[in-house]
Amino acid sequence: MDAKKIIWVMPFDPSNHKPETEGQARRCGWHGTNEGIPCGEEPFASVKFRYSDFQPVYSACKRAVREISARYGFPIPPDH
Ligand SMILES: [Zn+2]
């Protein structure tokens, strides 16, 4: 069972992300940190998750947003 839930999805902004994260460095943290696959694509959205014990905000490239949307179901934010 997957315990993750999505709290919010916003257009990518480095200020949504904590220091020392890939989001702050304008890299895709969904593929990099979460899936362990370094990703060269630009972040498109910031996505906040709720786990049982912490609430990370991942930066997500367009491909990641589509994957997350397919897995968890949420509307993809419009291009900006
Ligand atoms: Zn990515």
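Two residues are in contact if their C-beta atoms, placed from the backbone, lie within 7 Å. By that criterion, and leaving aside neighbours within four places in sequence, Thr33 is in contact with Glu22 and Tyr58. The model in which these contacts occur is predicted. Thr33 belongs to helix H1. It counts as partly exposed, because 18 C-beta neighbours lie inside 10 Å. Glu22 is eleven residues from Thr33 along the chain, and the two C-alpha atoms are separated by 7.7 Å.

The secondary structure of the protein consists of two helices and three strands. Along the sequence these elements follow the pattern β-α-β-β-α. The radius of gyration is 11 Å, close to the 12 Å that the globule rule gives for 80 residues, so the protein is as compact as a globular protein of that length. Along the principal axes, the C-alpha atoms fill a box of roughly 30 × 25 × 25 Å. Buried residues make up 29% of the 80. Among contacts between residues at least 6 apart in sequence, 51% join residues at least 24 apart.

The three strands form an open sheet in the order S1-S2-S3, and the pairing is antiparallel. S1 and S3 are the edge strands, each pairing on one side only. Neighbouring strands are turned against each other by 30 degrees on average, direction ignored. Six bridges join S1 and S2 in the antiparallel sense. Within the sheet, Met10 stands opposite Ser46 of S2.

Helix H2 lies across S1, S2 and S3. Its direction makes an angle of about 115 degrees with S3. H2 covers residues 62-72, and its buried residues are Ala64, Val65 and Ile68. Seen down the axis of H2, these buried residues fall within an arc of 100 degrees, so they line one face of the helix. An α-helix has 3.6 residues a turn, so residues three or four places apart point the same way. The cover over the buried residues of H2 includes helix H1 (29-34), strand S2 (43-50) and strand S3 (57-61).

Ala70 is also found in helix H2. Gly73 follows H2 and has a positive phi, near 75 degrees.

The largest nonpolar core has 13 residues. Within it, Ala60 and Ala64 touch the most other members. S2, S3 and H2 are the elements that give two or more residues to this core.

The loop between strand S1 (5-11) and H1 holds Glu20. Arg26 lies in the loop between S1 and H1 as well. Most residues other than glycine have a negative phi. Glu20 has a positive phi, near 70 degrees. For Arg26, phi is also positive, near 60 degrees. Glu20 counts as exposed, because it has 8 C-beta neighbours inside 10 Å. Arg26 has 12 such neighbours inside 10 Å and therefore counts as exposed too. The value for Arg26 falls at the limit, since a residue is exposed if 12 or fewer other C-beta atoms lie within 10 Å.

Technical notes: Residues are numbered from 1 along each chain as its sequence is written. This is a predicted model: local features need pLDDT of at least 70, side-chain atom pairs count only at pLDDT 80 or more; totals for chains, interfaces and linings use all residues. A residue is buried if 20 or more other C-beta atoms lie within 10 Å of its own, exposed if 12 or fewer, and partly exposed in between; C-beta atoms are placed from the backbone. Helices (H or I, at least four residues) and strands (E, at least two) are DSSP runs, numbered from the N terminus. The arc is that of the directions from the helix axis to the C-beta atoms. A nonpolar core is a set of buried Ala, Val, Leu, Ile, Met, Phe, Trp, Tyr and Cys residues joined through C-beta atoms within 7 Å. Two strands pair if DSSP finds at least two bridges between them. Axes are lines fitted to C-alpha atoms, for helices over the stretch in contact, and angles run from 0 to 180 degrees between N-to-C directions. The radius of gyration is taken over C-alpha atoms; the globule rule is 2.2 Å times the number of residues to the power 0.38.
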